Amino acid sequence: TASIARFYALVLDNIDILPDGTTVTISGNSVVSLKFSNMLFSDQNRSTILSVLIVFLLCAFSFKSVIRGLFTIVPVTAGIMINYVFMYLAGIPFDLITVTFTSIAIGCGVDDAIHFMHRFKNNEGKDFMENIRLTIIETGRPIILSTVSIVAGMMMLSFGSFMPIRYFGLLMSISLFGCMVSTLIFMPPVMILFDKIKKLVKK
């Protein structure tokens, strides 16, 4: 896709060297594929934003708290960011297959955050730090086991003969693993930080 885009831009830049009155029509499977790819990327960006927004609204409504709704977005966002960094470092291109992993990762990755927040809500009434500790102890093992089982299944795709399918399996595995790590390691400190800020504001 990237090579087609470069060639297409080169053709457009050099059309003006043709004689006046020349009519040019650029077509072919490559041009159609490029336009379809650009349309897919644009739709993917919109669907990603919409997916995050819907997840936030559902979680905020379910937990009856806007802040807790935001907390559930932290692991998903971190998992996707980890994936983009990996794609950049590994030189994995965005194509018609790999671009679709983001929305799927949001739907699968938010499961860990919802599990964590649901248990945290059930433990309310205890000291905040004790609640965080108990929640990690009670949800850590199930979250790790469920994520590892899903990742093991997704990793099977990395043995496929079609390269984009390999990339998709690898990216989904990394994204889900990143969501798991973010839920158990990144989200609790964010919650603790917010609690400390809230106490300072009250004082």
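**Exercise 1. Find the partners of M117, leaving aside its neighbours within four places in sequence.**

Step 1. Contact means heavy atoms within 4.5 Å. Step 2. With that rule, M117 is in contact with F63, R68, F71, T72, M187 and M191.

Before you go on, note that this is a predicted model, where local features need pLDDT of at least 70, side-chain atom pairs count only at pLDDT 80 or more, and totals for chains, interfaces and linings use all residues. Residues are numbered from 1 along each chain as its sequence is written, and side-chain values use heavy atoms, with hydrogens and water left out.

**Exercise 2. Describe the largest nonpolar core.**

Step 1. A nonpolar core is a set of buried Ala, Val, Leu, Ile, Met, Phe, Trp, Tyr and Cys residues joined through side-chain atoms within 4.5 Å. Buried means under 20% relative accessible area, exposed over 50%, and partly exposed in between (1.4 Å probe, protein chains only).

Step 2. The largest core has 22 residues, and M117 is among those with the most contacts inside it, together with V55, F116, M187 and M191.

Step 3. Two or more residues come from each of α2 (29-63), α3 (66-90), α4 (101-122), α5 (128-155) and α6 (163-202). Helices (H or I, at least four residues) and strands (E, at least two) are DSSP runs, numbered from the N terminus. The biggest share, six residues, is that of α4.

Step 4. There is also a second, separate core of ten residues, including M87, F101, V151 and F168.

**Exercise 3. Decide whether I106 is buried or exposed, and list what I106 touches.**

Step 1. I106 lies in helix α4. Step 2. Its relative accessible area is 2%, so I106 is buried. Step 3. Not counting residues up to four places away in sequence, I106 touches T48, S51, V52, V55, V76 and I80. Step 4. The C-alpha atoms of I106 and P75 are separated by 9.4 Å, although these residues are 31 residues apart along the chain.
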